[in-house]
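Please study the sequence and the three-dimensional structure shown below before reading further. The explanation that follows is meant to be read with both in view.

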Amino acid sequence: METKAIIYARVSTAAQDTDRQVLDLQAYAQGNGHKVERIFTEKISGAKRNDERKALTDAISYAKDNKCTILCSELSRLGRNIDEVLKAVIFCKEHSINVYFQKEQFSIFNADGKPQSLDR
C-alpha cells in the first residue's frame, strides 16, 4: 500500500537549485511505497525563522491537513538554527506528521506509528 507523501526541498541562495534534492527524494519515494502528492521548494537562508519560510510552513500545513509524510533531503533543510529545527520537529511530532530525513536515514515515526528511537 502506498502512503501519501510530499517533498520539501530548500537551498540557501538564488544561485543554487533544488533539482538534485527533488530527484533523489522522488527516487526514494518510488522505491519505498510513497506516492508524492506535492513538491514544496524554496530558496531562502536556513538562518531565517520558520515563520519567514513560506514553503516550509505551507508544506507542514499541507502534510498535517492531508496526513502526508514529509520527505526531506537532510535535517539541515529545516534550518541552520537548532531552535528552529527543534521547533519544526516537535511540532510535527505533536501533530503526528512523519518526516523522513534521507541523509540521516531517519524518520520521526517508525512504520507502526510510534516515535522512532535513535538506537534503531
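The model is predicted.

Helix α2 runs over residues 54–66 and contains 13 residues. From its first C-alpha to its last, α2 reaches 18 Å, which is close to the 18 Å expected at 1.5 Å a residue.

Which residues of α2 are buried? They are Ala 55, Leu 56, Ala 59, Ile 60, Tyr 62 and Ala 63. These residues lie on the same side of α2, because they cover an arc of only 160 degrees around the axis. Lys 54 and Asp 65, by contrast, are exposed on the other side of α2. The buried residues of α2 are covered by parts of the structure that include the strands β1 (3–11), β2 (34–43) and β3 (69–72), together with the helix α3 (82–94).

The largest pocket holds about 420 Å³ of space. It is lined by 18 residues, and Thr 69, Asn 98, Phe 109, Asn 110 and Ala 111 are the closest to its centre. Sorted by class, the lining of the largest pocket comprises ten polar, six nonpolar and two charged residues.

The second largest pocket has a volume of about 220 Å³. Among its 14 lining residues, those nearest the centre are Leu 75, Val 89, Phe 101, Phe 106 and Ile 108. The most comes from α3, which supplies five residues. The lining of the second largest pocket divides into ten nonpolar, two polar and two charged residues.

A cavity differs from a pocket because a probe that fits inside a cavity cannot get out, whereas a pocket is open. How many cavities of 30 Å³ or more are there? The count comes to one. About 30 Å³ of space lies in the largest cavity. Its lining is formed by Tyr 8, Leu 56, Ile 60, Ile 70, Leu 78, Cys 92 and Val 99. By class, this lining has seven nonpolar residues, with no polar and no charged residues.

Thr 18 is found in the loop between β1 and α1 (19–31). Is Thr 18 buried or exposed? Its relative accessible area is 9%, so Thr 18 counts as buried, the cut-off being under 20%. Leaving aside neighbours within four places in sequence, Thr 18 is in contact with Ala 9, Arg 10, Val 11, Thr 41 and Glu 42.

Lys 67 follows α2 and is found in the loop between α2 and β3. The phi of Lys 67 is near 50 degrees, a positive value in a residue other than glycine. Lys 67 counts as exposed because its relative accessibility is 72%, and exposed means over 50%.

Gln 105 is found in the loop between β4 (99–101) and β5. Although Gln 105 is not a glycine, it has a positive phi of about 50 degrees. With a relative accessible area of 53%, Gln 105 is exposed.

Methods:
Residues are numbered from 1 along each chain as its sequence is written. This is a predicted model: local features need pLDDT of at least 70, side-chain atom pairs count only at pLDDT 80 or more; totals for chains, interfaces and linings use all residues. Side-chain values use heavy atoms; hydrogens and water are left out. Helices (H or I, at least four residues) and strands (E, at least two) are DSSP runs, numbered from the N terminus. The expected span of a helix is 1.5 Å times one less than its number of residues. Buried means under 20% relative accessible area, exposed over 50%, partly exposed in between (1.4 Å probe, protein chains only). The arc is that of the directions from the helix axis to the C-beta atoms. Contact means heavy atoms within 4.5 Å. On a 1 Å grid over the protein atoms alone, a cavity is a set of points where a 1.4 Å probe fits but cannot get out, and a pocket is an open set with protein on both sides within 12 Å along at least five of seven lines; lining residues have an atom within 4 Å of a point. Grid points are joined across faces, edges and corners, and a volume is the space filled by probe spheres set on the points. Ala, Val, Leu, Ile, Met, Phe, Trp, Tyr, Cys and Pro count as nonpolar, Asp, Glu, Lys and Arg as charged, and the others, Gly among them, as polar.
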